[in-house]
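The sequence and the structure are shown below.

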Amino acid sequence: MTKFESKTGEGVIGTVRSVKDGKIYQICVGNEKLMNEYANHNQRASEIITNLESRGRTVLQLAIDKEISMIFSMEEEHAVKPEAATVI
């Protein structure tokens, strides 16, 4: 990695050199806010993200040279924690 920057609450940005061909690539991993600044959006990616977020999942994206290459989603095993009623 030749450059690395952490954006608190958003994700990380860095540059890496390919061991295969020596090219340098910008890599971004983060949330929608980071991608709005560092990546080109396409309609299909937006549809996938909207669908995942509507189901309560946390979405992260991976962009290589400003193009979204992968979308990750995570969810808690229990959407409502058993102790929630006691807390409320």
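## Nonpolar core

The largest nonpolar core has 9 residues in all: Ile 13, Cys 28, Leu 34, Met 35, Tyr 38, Ala 39, Ala 45, Ala 63 and Ile 68. Helix α1 (residues 32–38) gives the most to this core, with 3 residues. A nonpolar core is here a set of buried Ala, Val, Leu, Ile, Met, Phe, Trp, Tyr and Cys residues joined through side-chain atoms within 4.5 Å. Buried means under 20% relative accessible area, exposed means over 50%, and partly exposed lies in between (1.4 Å probe, protein chains only). In soluble globular proteins, nonpolar side chains tend to be buried together.

The model is predicted: local features need pLDDT of at least 70 and side-chain atom pairs count only at pLDDT 80 or more, while totals for chains, interfaces and linings use all residues. Residues are numbered from 1 along each chain as its sequence is written, and side-chain values use heavy atoms, with hydrogens and water left out.

Ile 13, a member of the core, touches Lys 3, Phe 4, Glu 5, Lys 7, Gln 26, Ile 27, Cys 28, Leu 34 and Tyr 38, when residues up to four places away in sequence are not counted. Contact means heavy atoms within 4.5 Å.

## Overall architecture

The protein chain contains 3 helices and 5 strands, and its pattern along the sequence is β-β-β-α-α-β-β-α. Helices (H or I, at least four residues) and strands (E, at least two) are DSSP runs, numbered from the N terminus. Of the 88 residues, 24% count as buried. Among the contacts with a separation of 6 or more, 33% come from residues 24 or more positions apart. The chain exposes about 6400 Å², of which carbon and sulfur atoms supply 54%; accessible areas come from the Shrake-Rupley method with a 1.4 Å probe, and for residues only the protein chains shown count as cover.

## Loops

Glu 10 is found in the loop between β1 (3–7) and β2 (11–17). At 15% relative accessibility, Glu 10 counts as buried. Beyond its neighbours within four places in sequence, Glu 10 is in contact with Val 29, Gly 30, Asn 31, Lys 33, Leu 34 and Glu 37.

In the loop between β4 (58–64) and β5 (67–74) lies Asp 65, and Lys 66 has its place in the loop between β4 and β5 as well. Phi of Asp 65 is near 50°, a positive value in a residue other than glycine; phi of Lys 66, likewise not a glycine, is positive and near 70°. Asp 65 is partly exposed, with a relative accessible area of 37%, and Lys 66 is partly exposed at 39%.

## Salt bridges

Side chains of opposite charge can pair when their charged atoms come close. A salt bridge is a side-chain nitrogen of Lys or Arg within 4 Å of a carboxyl oxygen of Asp or Glu. By this rule the count comes to 5 salt bridges, including those in the table.

| Residues | N to O distance |
|---|---|
| Lys 7 and Glu 5 | 4.0 Å |
| Lys 7 and Glu 37 | 4.0 Å |
| Arg 44 and Glu 47 | 3.5 Å |

Glu 37 forms a salt bridge with Lys 7. This pair links distant parts of the chain, with Glu 37 in helix α1 and Lys 7 in strand β1, 30 residues apart. Glu 37 is partly exposed at 48% relative accessibility, and Glu 5 is partly exposed at 33%.

Glu 47 and Arg 44 are separated by about one helical turn because they stand 3 residues apart in helix α2 (residues 43–54). Glu 47 is partly exposed, with a relative accessible area of 40%, whereas Arg 44 counts as exposed at 53%. Salt bridges that share partners join Glu 5, Lys 7 and Glu 37 into one network.
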